[in-house]
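The stops below are meant to be selected in order.

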Amino acid sequence: MTDTVTPGRELPHPEREEIRLEGLLHALADPMRLRIVSELAAESAELSCSRFDLPVTKSTTTHHFRVLRESGVIRQVYRGTAKMNALRRDDLDGLFPGLLDSILAAADRQARRLGERV
């Protein structure tokens, strides 16, 4: 796998100042999207879409990643044929200090309480 972004296959992302709180909250309100974000938060590296084992169809998985990207929660880039995903933690923490950590901690507490996987 190459370390460079594949030319001509750039995906649209909101600029930092375009990220809205309501978009962020909407994106994180879905359990599958929250699961994706939790997995990304637990890793320090980019993860490919295929790394996520979600109990939904491929088209639904694609939809969830698109919602996360368009809301500014994640950044997606093509590296070769793989679509890589990274949490936009610096942007989110800069705009909404502590919010992402609070949401992830609350989701983890809820999952443990209910015996679910986040």
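**Stop 1: D91 and its surroundings**

Select D91 and show what surrounds it: leaving aside neighbours within four places in sequence, D91 is in contact with R16, I19 and R75 (contact means heavy atoms within 4.5 Å). This is a predicted model, in which local features need pLDDT of at least 70 and side-chain atom pairs count only at pLDDT 80 or more, while totals for chains, interfaces and linings use all residues. Residues are numbered from 1 along each chain as its sequence is written, and side-chain values use heavy atoms, with hydrogens and water left out.

D91 is found in helix α4, residues 89-95. Helices (H or I, at least four residues) and strands (E, at least two) are DSSP runs, numbered from the N terminus. Is D91 buried or exposed? D91 is buried, at a relative accessible area of 16%; buried means under 20%, exposed over 50% and partly exposed in between, with a 1.4 Å probe and protein chains only.

**Stop 2: helix α1**

Select residues 21-28, helix α1, and colour L24, A27 and L28, which are its buried residues. Viewed down the axis of α1, these buried residues fall within an arc of 90°, so they line one face of the helix. The arc is that of the directions from the helix axis to the C-beta atoms. Next show α2 (31-42), α3 (58-71), α4 and α5 (99-114), which are among what covers the buried residues of α1.

**Stop 3: the nonpolar core**

Select L28, V37, L68 and V73: of the 24 residues in the largest nonpolar core, these touch the most other members. Such a core is a set of buried Ala, Val, Leu, Ile, Met, Phe, Trp, Tyr and Cys residues joined through side-chain atoms within 4.5 Å. Which helix gives the most to this core? That is α2, with 5 residues.

**Stop 4: the strands**

Move to β2 (residues 74-79), which runs antiparallel to β3 and is joined to β3 by 6 bridges. Strands pair if DSSP finds at least two bridges between them. Y78 stands opposite K83 in β3. The hairpin of β2 and β3 has 2 residues between the strands, and G80 takes a positive phi near 65° there.
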